[in-house]
Amino acid sequence: MRKNNNIVMGTKAETIYTAMKKKCADKTKQRKACAVCHRVRSFQEYMERNTASTACYVSINGISMPVLSA
């Protein structure tokens with residue numbers, strides 16, 4: 001049995017310039033997403049470290065808000 005692999009060229013070849021532009025754009029998106037994840041994780045860690053044991057949540061007009069008790 002012989003397998004015929006057809007290479008379909010649907011688009012034109014990229015130049016080095018366009019490949020670099022695409023890679024740079026992808027890297028920028030990745031850095032922004034990483035920065036957002038880092039901010040979220042940092043905020044969660046901050047909240048875990050600085051939780052007040054005397055806080056309780058109270059529902060005011062359907063909104064749950066933390067209230068510190070003395």
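Colleague: Which element gives the most to the nonpolar patch?

Modeller: Strand β2 does, with three residues. Bear in mind that this is a predicted model.

Colleague: Which residues form that patch?

Modeller: V58, I60, I63, M65 and V67. Together they have about 390 Å² of accessible area on the surface. The elements giving two or more residues to the patch are β1 (55-60) and β2 (63-68).

Colleague: Take V67. Where does V67 lie, and how accessible is V67?

Modeller: V67 lies in strand β2. Its relative accessibility is 34%, so V67 counts as partly exposed.

Colleague: Stepping back, how many helices and strands does the protein have?

Modeller: One helix and two strands. From the N terminus on, the order is α-β-β.

Colleague: What share of the protein is buried?

Modeller: Buried residues make up 0% of the 70 residues. The accessible surface comes to about 7,400 Å². Carbon and sulfur atoms account for 60% of that surface.

Colleague: New topic, cysteines. How many disulfides are there?

Modeller: The count is zero. C37, for one, is in no disulfide. The nearest cysteine sulfur belongs to C34 and is 6.7 Å away.

Technical notes
Residues are numbered from 1 along each chain as its sequence is written. This is a predicted model: local features need pLDDT of at least 70, side-chain atom pairs count only at pLDDT 80 or more; totals for chains, interfaces and linings use all residues. Side-chain values use heavy atoms; hydrogens and water are left out. Patches are made of residues with over 30% relative accessible area and no salt bridge: like charges are joined within 9 Å, nonpolar side chains (Val, Leu, Ile, Met, Phe, Trp, Tyr) within 5 Å. Accessible areas come from the Shrake-Rupley method with a 1.4 Å probe; for residues, only the protein chains shown count as cover. A salt bridge is a side-chain nitrogen of Lys or Arg within 4 Å of a carboxyl oxygen of Asp or Glu. Helices (H or I, at least four residues) and strands (E, at least two) are DSSP runs, numbered from the N terminus. Buried means under 20% relative accessible area, exposed over 50%, partly exposed in between (1.4 Å probe, protein chains only). A disulfide is a pair of cysteine sulfur atoms within 2.5 Å.
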